Amino acid sequence: MRWSSGPVAVVGLGYVGLPTALALLSAGRSVIGLDTDPARLAAVRAGTADLLPEDRARLRAHAASPAFTLTAEPAALAGAGSVVICVPTPVDGHRVPAPGALRAACAAAVRHASPGQILVLASTSWVGTTRELLIEPLAARGLAVAQDVFVACAPERIDPGNADHPQHTTPRVVGGATPECGRRAAALLEPVADRVHVVGSPEAAELTKLLENTFRAVNIALVNEFATIAGHLDLDITEVVDAAATKPYGFLPFRPGPGAGGHCIPCDPHYLLWQLRAARVPAPLVDTAMAALAARPHQVARRARDVLAAHGVPVPGARVLIAGVAYKPGVADHRESPALRVIEDLAAAGADVAYTDPLIPSLRVNGRTLRHREDPAAEHWDLVVVHTAHPGHDLAWIEGRGPVLDATYRLDSVKERYLV
Ligand SMILES: NC(=O)c1ccc[n+]([C@@H]2O[C@H](COP(=O)([O-])OP(=O)(O)OC[C@H]3O[C@@H](n4cnc5c(N)ncnc54)[C@H](O)[C@@H]3O)[C@@H](O)[C@H]2O)c1
């Protein structure tokens, strides 16, 4: 056995991989950043990637450092002492896992693995992925795990755009193929997370991540349902959640909203459901929560139509502005954003829909490109739907300008305010 201390290769330099690479560089490690997207490599080189301010400063410090090699060439993995895989795990239009990038990245890691390497899967995926895509193919290549190479799953838990919980303060769950694999992976991730929680297997780490995100999905669906219930009972859901949150145990305050977007909550539980379907194991609670989350933007659009009707404005031709289209405050990411479905529904009903979002310059919806309205206060809108309120994005102008559908449930000072 040979212990390799060479550079760390980070495969996939997105919302997870780039902060990981920067944490390792800041700890004095050399990093090979491998990404198959030339545009992403260029953004990293230029220092324009979407990051928290602390990471943006780190990127400026390291972008041109000789310790940071950027490449699109998978063969570069052969020269790494460790490999951390951070590629996307999306779902397709039918909510079915689309693990093509994950399979390709793991296959490249296996193909170029060299003795002594530590391989860590950080992507979220179905239970058994680390074994199926890394441990078994490495063994088939003649690299015995825990002798020649060391393999673990350490799913990322980062919350991009949330400065209250930076990557390093969130403990990292690590499950090694053997205890020695777990120890080596934990040591590798020390610069990335202040605390590591080791579990007994890669599968336990994989299911931990799926439990965390399914927990959030179920609770978001539940609080959205309670928002509808509170509306029917003429009660204020925010007052009710705030009151319930005074209980010091057994309750966590989830807030209602327009749905769930991004790369995790609307996708990850589908990886679990997909594998359970194959095993004929029902998970009706998870299934129902995911269906409710998928339906939520349609509920927002229906409510928008009702508000227009209540104001005597026919939906065809109505001018509707969506304020904030990112999937959550503080990020320039609109993947799976509920705003996309809201825009689609309203446009299909004939409304003239535009958006304002200082973090998203343009948006493709149903084959059309929409552009951010820089000065929405200068135009007339029959309805403003507030979908995402970014920190520092001044929405004070919406007051007194007609009806506002507040899908964030946070603008309680707005006078002509409607909730979903
Ligand atoms: N974004 C989040 O909030 C978050 C949080 C925790 C966990 N995760 C999980 O982490 C993983 C990565 O998510 P992300 O948000 O960073 O994705 P991302 O889309 O932001 O970035 C992934 C990067 O991987 C690159 N890539 C794709 N295929 C590749 C390949 N074969 N080889 C090299 N590079 C490749 C892409 O070009 C892209 O730049 C996913 O499994 C996701 O579920 C994401």
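**Exercise 1.** Name the residues that come nearest among the 28 residues around the ligand.

*Solution.* A residue counts as near if one of its heavy atoms lies within 4 Å of the molecule. Of the 28 residues around the ligand, the nearest are Val16, Asp35, Thr89, Thr124 and Arg335. The model is predicted: local features need pLDDT of at least 70, side-chain atom pairs pLDDT 80 or more, while totals for chains, interfaces and linings use all residues. Numbering runs from 1 along each chain as its sequence is written, and side-chain values use heavy atoms, without hydrogens and water.

**Exercise 2.** Sort the shell around the ligand by class.

*Solution.* The shell has 14 nonpolar, seven polar and seven charged residues. Here Ala, Val, Leu, Ile, Met, Phe, Trp, Tyr, Cys and Pro are nonpolar, Asp, Glu, Lys and Arg charged, and the others, Gly among them, polar.

**Exercise 3.** Give the distances from oxygen atoms of the ligand to N or O atoms of Tyr15, Thr124 and Arg335.

*Solution.* Start with the backbone: an N or O atom of Tyr15 lies 3.1 Å from a ligand oxygen, and one of Thr124 lies 3.0 Å from a ligand oxygen. Next, the side chain of Arg335 has an N or O atom 2.7 Å from an oxygen atom of the ligand. Finally, the ligand taken alone exposes 820 Å², of which the protein buries 90% (Shrake-Rupley method, 1.4 Å probe).

Conventions
Polar contact = N/O pair within 3.5 Å; in protein donor to acceptor, adjacent residues only side chain to side chain.
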